[in-house]
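Let's take a walk through this protein together. Have a look at the sequence and the structure, then read on.

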Amino acid sequence: MLSARISSQKPELSTLTLWIMTIATGLVVANIYYNQPLLGDIAKTFKVSNGTAGRISMVTQLGYAAGMFFIAPLADMFKRKQLMMFAFAAVVLALLATALSPGINLLLLASFLVGAASLIPQLLVPMAAHLAKPEERGKKIGVVMGGLLIGILLSRTVSGFIGAHFGWRAMFFIAAGLMLAIWLLVFSFLPEVEPDYTGTYKKLMGSMVTLFKKEPKLRFAALRGALCFACFSAFWTTLVFLLKENFGLGSDAAGLFGLVGAFGALAAGLMGRLSDKMDPFKLSFFTLLLILLSFVVFIFSGHNIIGLVIGVIILDMGVQATHISNQAIIFALDAGARNRINTIYMVSYFVGGAVGTLLVSSLWGNYHWNGVCITGLILSSLAIILHLANHNSMQNKATTV
């Protein structure tokens with residue numbers, strides 16, 4: 001039998017706590033994406049193909065999924081702040097290993113470890129949901145997710161600039177220093193959250209299978225999220241190759257597109273507020289259409305910077321808004337299992353991203369940008385079909401968020 005203990009008093013989600021969580025989420029998640037604008041430079045350093053370099057992005061995302069699957073559920077068993085302290089130590093070491101890697105194989109291993117140790121945002125988002133008042137949950141999640149989105153997108157801007165002027169290794173030394181600073185900030189100001197679960201790790205992991213089987217909304221959100229993030233990763237992994245091939249631009253130019261995509265942070269905040277008042281399932285239909293529309297724009301913009309800029313804004317708004325909608329659905333399911341529910345969803349999400357990266361990395365050599373766009377069109381169409389096919393069942397089992 002699973003047993004639980006409920007802490008007598010829950011810490012409040014103060015404005016200071018919320019902002020620390022938001023900043024930490026953005027800076028930690030950035031570790032996963034620093035390598036994307038640098039893939040061309042890394043390929044040159046180790047004299048490998050762009051397709052091989054693209055695998056660095058893939059294994060980083062797989063590492064993130066592995067960290068979430070095996071470590072994040074422990075937040076239901078152990079104190080969350082203590083768990084974060086261990087994760088920060090691990091990510092600092094992994095980033096230093098990345099910066100010092102002498103060959104592509106060791107870089108791939110170090111990149112996997114960076115992803116695995118950067119699971120901290122997946123402890124912070126459920127923590128925000130736990131501490132927030134029910135009537136403000138979507139809004140507070142939206143704030144933290146806005147930080148996550150900005151971290152994802154501006155990481156490319158920063159790493160593109162650093163890579164162009166100081167070399168790709170410098171970015172990972174800087175990232176390690178940033179993690180030390182955030183480590184101290186979280187240790188000093190974040191409240192501790194007591195665990196609710198008292199069973200064994202084996203039973204904890206087994207309970208995720210039970211949750212997945214009994215929660216149709218969780219299965220739906222996980223698959224929908226995986227397809228959306230596959231589209232997102234397909235574009236961002238290959239953007240640096242497109243800019244080099246068709247425009248003669250380098251990593252700094254690829255990074256600047258992160259500034260453009262930061263407009264999607266507006267969608268994340270708006271989606272959080274709307275999900276408190278509207279049915280997120282209905283709202284998501286329109287955000288999924290945005291993802292499909294972005295790849296329609298991209299397929300005509302292989303030699304047009306303005307078209308790429310427009311497509312980036314549409315893509316990031318669609319992906320991030322759908323992600324917030326998915327989280328509004330899953331965090332309303334079982335308050336005592338939020339970390340495990342989030343783990344199931346986010347592991348699916350990043351496995352989808354890794355699959356998207358693998359697909360376009362494999363297709364790039366023969367089909368280049370057209371292959372990327374067709375992949376995005378197929379994946380986004382599948383997401384819309386899934387959404388519509390589940391409309392009746394989801395509406396009949398609607399949950400108030």
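Let's start with phenylalanine 298. Setting aside neighbours within four places in sequence, phenylalanine 298 is in contact with Phe235, Leu308, Gly311, Val312, Leu315, Trp369 and Cys373. Keep in mind that this is a predicted model.

Which residues of the largest nonpolar core touch the most other members? They are Met84, Phe235, Trp236, Phe298, Phe350 and Trp369, out of 123 residues in that core.

## Two helices side by side

Now find helix α1 (residues 15-29) and helix α6 (residues 121-131). These two pack at an angle of about 155°, and their axes are 9 Å apart. Angles over 145 degrees count as roughly antiparallel, so α1 is roughly antiparallel to α6. The crossing of α1 past α6 is left-handed.

Who does the touching? On the α1 side, the contact is made by Met21, Ala24, Thr25, Val28 and Val29, and on the α6 side by Pro121, Leu124, Met127 and Ala128. Sort these contact residues by type and you get eight nonpolar, one polar and no charged.

## A glutamine on the inside

Next stop: glutamine 327, which sits in helix α14 (residues 305-330). Is glutamine 327 buried or exposed? Its relative accessibility is 1%, so glutamine 327 counts as buried; the cut-off for buried is under 20%.

What is glutamine 327 in contact with, leaving aside neighbours within four places in sequence? The list is Val125, Ile141, Met145, Asn342, Tyr345 and Met346. There's also a pairing across the chain to look at: glutamine 327 and alanine 221 are 106 residues apart along the chain, yet their C-alpha atoms are separated by 8.0 Å.

## Two positive phi angles

Most residues other than glycine have a negative phi. Against that background, here are two residues to check out. Lysine 47 isn't a glycine, but has a positive phi of about 55°. You'll find lysine 47 in the loop between α2 (39-46) and α3 (50-70). With 74% relative accessibility, lysine 47 counts as exposed.

The other one is histidine 368, with a positive phi near 50°. Where is histidine 368 found? Its place is in helix α15 (residues 338-389). Histidine 368 has 28% relative accessibility, so it counts as partly exposed.

Note on methods. Residues are numbered from 1 along each chain as its sequence is written. This is a predicted model: local features need pLDDT of at least 70, side-chain atom pairs count only at pLDDT 80 or more; totals for chains, interfaces and linings use all residues. Side-chain values use heavy atoms; hydrogens and water are left out. Axes are lines fitted to C-alpha atoms, for helices over the stretch in contact, and angles run from 0 to 180 degrees between N-to-C directions. Helices (H or I, at least four residues) and strands (E, at least two) are DSSP runs, numbered from the N terminus. Angles under 35 degrees count as roughly parallel, over 145 as roughly antiparallel, 65 to 115 as roughly perpendicular and the rest as oblique. A crossing is left-handed if the near helix is turned anticlockwise from the far one by less than a right angle, and right-handed if clockwise. Contact means heavy atoms within 4.5 Å. Ala, Val, Leu, Ile, Met, Phe, Trp, Tyr, Cys and Pro count as nonpolar, Asp, Glu, Lys and Arg as charged, and the others, Gly among them, as polar. A nonpolar core is a set of buried Ala, Val, Leu, Ile, Met, Phe, Trp, Tyr and Cys residues joined through side-chain atoms within 4.5 Å. Buried means under 20% relative accessible area, exposed over 50%, partly exposed in between (1.4 Å probe, protein chains only).
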